[in-house]
Amino acid sequence: MEPELLHGVTDGVATVVLHHPAKRNAMTAAMWAALPPLLEALAADPAVRALVLTGAGGTFCAGADISTLQGSPEEAQTLAVRAEEALAAFPKPTLAAVKGHCVGGGAQLAAACDLRFAEEGALFGVTPANLGIVYPSTATRRLVALVGPATAKYLLFSGELIDTERALRTGLVDEVLPSDELDKRVAEFTRILVTRSQLTQAAAKEFANGRTDRDAHWAAQARASGETAEGVTAFLERREARFTWTVTPG
């Protein structure tokens, strides 16, 4: 099969699969270019309440397909940054499910997700120094926000791969699962996400990402939504809440 992005939606969870098994799911220019419009369509779908990004087979993503850097490295990096920014801006919770290698552009995409769950044995690396590439400022700042400046410099300066133990300790991943339990845990956790208030999640995502000019907007949304009343009533009635507010992209 040609390198491509596969996707589907089940029970409120969109799954996007990086599919280029011949090169450990390395991202081609076409794959980078396809990600922003796919994310835009999924964000606009009211049936989607969370998104999982993963790789085909036993690996997440080995980075950019190096053959795409031979022509115009600047153009390739522009495509990667656009894809990264589109993923970071996705208005609903996003989770990277990582097996095997998560390197270079793969780490860039994983860092752009809200959360990262990894299987034991996964390896992480940020490798522009191996190729003489200036890592994008957006990706660098996002990495620093996740792991702190010291670990970000370690990864960027050396290009060395780190294991899941160190990735968990430094904050690069949120959970590490035993072999063969990652998919089950991701399904379990996303089932929780889709039952929670999307209003709470959307506001929290903006605030956590540093936005400071939308307090009044979210207060108005909360007043008009009825989410709090439903949450309190459901708690008192000892039932699962039925939250109906949905993100309106734009």
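These legends describe close-up views of a predicted model. Local features need pLDDT of at least 70, side-chain atom pairs count only at pLDDT 80 or more, and totals for chains, interfaces and linings use all residues. Residues are numbered from 1 along each chain as its sequence is written, and side-chain values use heavy atoms, with hydrogens and water left out.

**View 1. The open sheet.** Six strands form an open sheet with mixed pairing. Their order is β1-β2-β3-β4-β6-β9. Strands are DSSP runs of E, at least two residues long, and helices are runs of H or I, at least four long, numbered from the N terminus. Two strands pair if DSSP finds at least two bridges between them. β1 (4-10) and β9 (175-177) are the edge strands, each pairing on one side only. On average, neighbouring strands are turned by 20 degrees against each other, direction ignored.

**View 2. Strands β4 and β6, with helix α6.** β4 (residues 94-98) pairs with β6 (residues 115-119) in the parallel sense, over four bridges. A96 has R116 in β6 as its bridge partner. Helix α6 (residues 182-195) packs on the sheet. α6 touches β2 (13-19), β3 (50-55), β4, β6 and β9; contact means heavy atoms within 4.5 Å. The direction of α6 makes about 155 degrees with that of β6. Axes are lines fitted to C-alpha atoms, for helices over the stretch in contact, and angles run from 0 to 180 degrees between N-to-C directions.

**View 3. Helices α2 and α4.** The axes of α2 (residues 73-88) and α4 (residues 137-158) come within 10 Å and cross at roughly 45 degrees. The two helices are therefore oblique to each other. Angles under 35 degrees count as roughly parallel, over 145 as roughly antiparallel, 65 to 115 as roughly perpendicular, and the rest as oblique. From α2, V81, E84, E85 and A88 meet T138, A139 and R142 of α4. These contact residues divide into three nonpolar, one polar and three charged. Ala, Val, Leu, Ile, Met, Phe, Trp, Tyr, Cys and Pro count as nonpolar, Asp, Glu, Lys and Arg as charged, and the others, Gly among them, as polar.

**View 4. The largest cavity.** This cavity has a volume of about 90 Å³. On a 1 Å grid over the protein atoms alone, a cavity is a set of points where a 1.4 Å probe fits but cannot get out; lining residues have an atom within 4 Å of a point. Grid points are joined across faces, edges and corners, and the volume is the space filled by probe spheres set on them. Of the 14 lining residues, A107, Q108, A111, L143 and L172 are the closest to the centre. The largest share of the lining, four residues, comes from α3.

Key:
1 Å grid on protein atoms, 1.4 Å probe; cavity = no way out; pocket = protein on both sides within 12 Å on 5 of 7 lines; lining within 4 Å.
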